[in-house]
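Hello,

Here is the structure I promised to pass on. Please look it over first, then read my notes below.

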Amino acid sequence: WYQRRVRGNKQGYEDYQRHKADNEVNQRLVTVIRHGCLIQIVSRNIRVGDVVKTECDEEFPCDMVLLSSSDDEGSCYITTANLDGETNLKILTCPEETKSLLTVQELHGLDASIECEPPNVDLYSLTTRQWASYTGIMILFSIS
């Protein structure tokens, strides 16, 4: 019974530490486009469909799809150390169909849907079908 009590206390302490870390992440300010304007909100108030603007060396507050990048090739480098412990940089490239959308007005004018596969344990694979409409032109593209 003593070992169970010690193990229970240890697990309770670890849960409390995770809760504190989650609260810290959920309180970070992020910039989103809403109603055609850039506004700052706390990350726990991000909604499905929000377009989130991130800067160099900023942590992503949630799972996101890269729509565009200030890089000429539409790329960015990310690290997934907080997910899998790997510290090497991985390159992400945004879809050709959205990489030219760089201004708040262009991104606000985007009407898009993403259809994803069910969740799985593979952090490095995501297959989606996406529909996007910008200025009335419908686009279908896939990301694998």
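Trp1 is exposed, with a relative accessible area of 69%. Trp1 sits in the segment before helix H1, which covers residues 2-26. Together with Tyr2 and Val6, Trp1 makes a nonpolar surface patch of about 420 Å². Keep in mind that this is a predicted model.

Now the overall layout. The chain has three helices and eight strands. From the N terminus, the order is α-β-β-β-β-α-β-α-β-β-β. The chain holds 144 residues, and 23% of them are buried. The accessible surface is about 11,100 Å². Carbon and sulfur atoms account for 52% of that surface. I also looked at contacts between residues at least 6 apart in sequence. Of these, 30% link residues at least 24 apart.

Next, the inside. Which residues form the largest nonpolar core? There are six: Ile33, Val51, Leu101, Val104, Leu107 and Leu110. A separate core has five residues, including Val30, Ile41, Ile46 and Val52. Back in the largest core, Leu107 is worth a click. Leaving aside residues up to four places away in sequence, Leu107 touches Ile33, Val51, Leu67, Ser68, Leu101 and Leu102. Three of those names, Ile33, Val51 and Leu101, are also on the list for the largest core.

Then look at Gln105. This residue belongs to helix H3, residues 104-108. Is Gln105 buried or exposed? Gln105 counts as exposed, at 57% relative accessibility. Gln105 and Ile33 are 72 residues apart along the chain. Their C-alpha atoms are separated by 9.2 Å.

Last, the cysteines. How many disulfides does a search of the whole structure find? The search finds zero. Take Cys76 and Cys94. The cysteine sulfur closest to that of Cys76 is in Cys94, 8.2 Å away, so the two are too far apart for a bond. The cut-off for a disulfide is 2.5 Å between the sulfur atoms.

If you want a short tour, begin with the patch made by Trp1, Tyr2 and Val6. Go on to Leu107 and the residues it touches. Finish at Cys76 and Cys94, with their sulfurs 8.2 Å apart.

Best wishes

Definitions and conventions:
Residues are numbered from 1 along each chain as its sequence is written. This is a predicted model: local features need pLDDT of at least 70, side-chain atom pairs count only at pLDDT 80 or more; totals for chains, interfaces and linings use all residues. Side-chain values use heavy atoms; hydrogens and water are left out. Patches are made of residues with over 30% relative accessible area and no salt bridge: like charges are joined within 9 Å, nonpolar side chains (Val, Leu, Ile, Met, Phe, Trp, Tyr) within 5 Å. Accessible areas come from the Shrake-Rupley method with a 1.4 Å probe; for residues, only the protein chains shown count as cover. A salt bridge is a side-chain nitrogen of Lys or Arg within 4 Å of a carboxyl oxygen of Asp or Glu. Helices (H or I, at least four residues) and strands (E, at least two) are DSSP runs, numbered from the N terminus. Buried means under 20% relative accessible area, exposed over 50%, partly exposed in between (1.4 Å probe, protein chains only). A nonpolar core is a set of buried Ala, Val, Leu, Ile, Met, Phe, Trp, Tyr and Cys residues joined through side-chain atoms within 4.5 Å. Contact means heavy atoms within 4.5 Å.
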